[in-house]
Amino acid sequence: MSKVYVFDHPLIQHKLSYIRDKRTGTKEFRELVDEVASLMAFEITRDLPLEEVEIETPVAIAKSKMLAGKKLGLIPILRAGLGMVDGILKLIPAAKVGHVGLYRDPETLQPVEYYVKLPSDVEERDFIVLDPMLATGGSAAEAINSLKKRGAKNIKLMCIIAAPEGVALVQEAHPDVDIFVAAMDEMLNDHGYIVPGLGDAGDRLFGTK
């Protein structure tokens, strides 16, 4: 069974309060999501491998550490996942960015893939799937399916707010994919919204209704 990591860092929790607040406008909301994604990236990359290198400082030769060339890919689920990309790229500018677009079939209510564009070397990369909200879990599970069908082997899921129902669905569908969240909320309401949540992340990021 996959693991679930809830980040309780004070800076993340502080910024999350403003993200939840309905009085926070689009500009501030976008900036806060960007900042929280950066802070979460510190934790989700904790196990990246290092290699020892030799560098020359102004004073002497020194043995130091650098990333061991692990290839990373960021996969935002369109459209709300786009709000998390830049915050991570600030820390990992060499990461490649792919995209997965899904819509919900009005009859079956199941997510349907309509757009997928991934880096060419899928099998060699570690992927982080990005979506601010993990509600029912259907979109996240289908996005992970899209990656696996194309050869991805190492995948993590990073969300800002999750509902227990969504976590359970992803864990059942993908027991090899660890889940990283800033908050685990109470439940889903009858409309599939996370409670207390933050409303519709896409609308708040892009100023739409």
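Predicted model: local features only at pLDDT ≥ 70, side-chain atom pairs only at ≥ 80, totals over all residues.
Residues are numbered from 1 along each chain as its sequence is written, and side-chain values use heavy atoms, with hydrogens and water left out.

Asp 185 forms a salt bridge with Arg 20, their closest N and O atoms lying 2.7 Å apart, where a salt bridge is a side-chain nitrogen of Lys or Arg within 4 Å of a carboxyl oxygen of Asp or Glu. This pair links distant parts of the chain, 165 residues apart, with Asp 185 in the loop between strand 11 (178–184) and strand 12 (187–188) and Arg 20 in helix 1 (residues 10–20); helices (H or I, at least four residues) and strands (E, at least two) are DSSP runs numbered from the N terminus. Arg 20 counts as partly exposed because its relative accessibility is 25%.

A search of the whole structure finds 16 salt bridges, and among them is the one between Lys 153 and Glu 123, at 3.9 Å from N to O. Here Lys 153 sits in the loop between helix 4 (138–149) and strand 10, and Glu 123 in the loop between strand 7 (111–117) and strand 8 (126–130), 30 residues apart. Lys 153 counts as exposed at 53% relative accessibility, and Glu 123 counts as exposed at 55%.

Notes:
Buried < 20%, exposed > 50% of the residue type's maximum accessible area, 1.4 Å probe, protein only.
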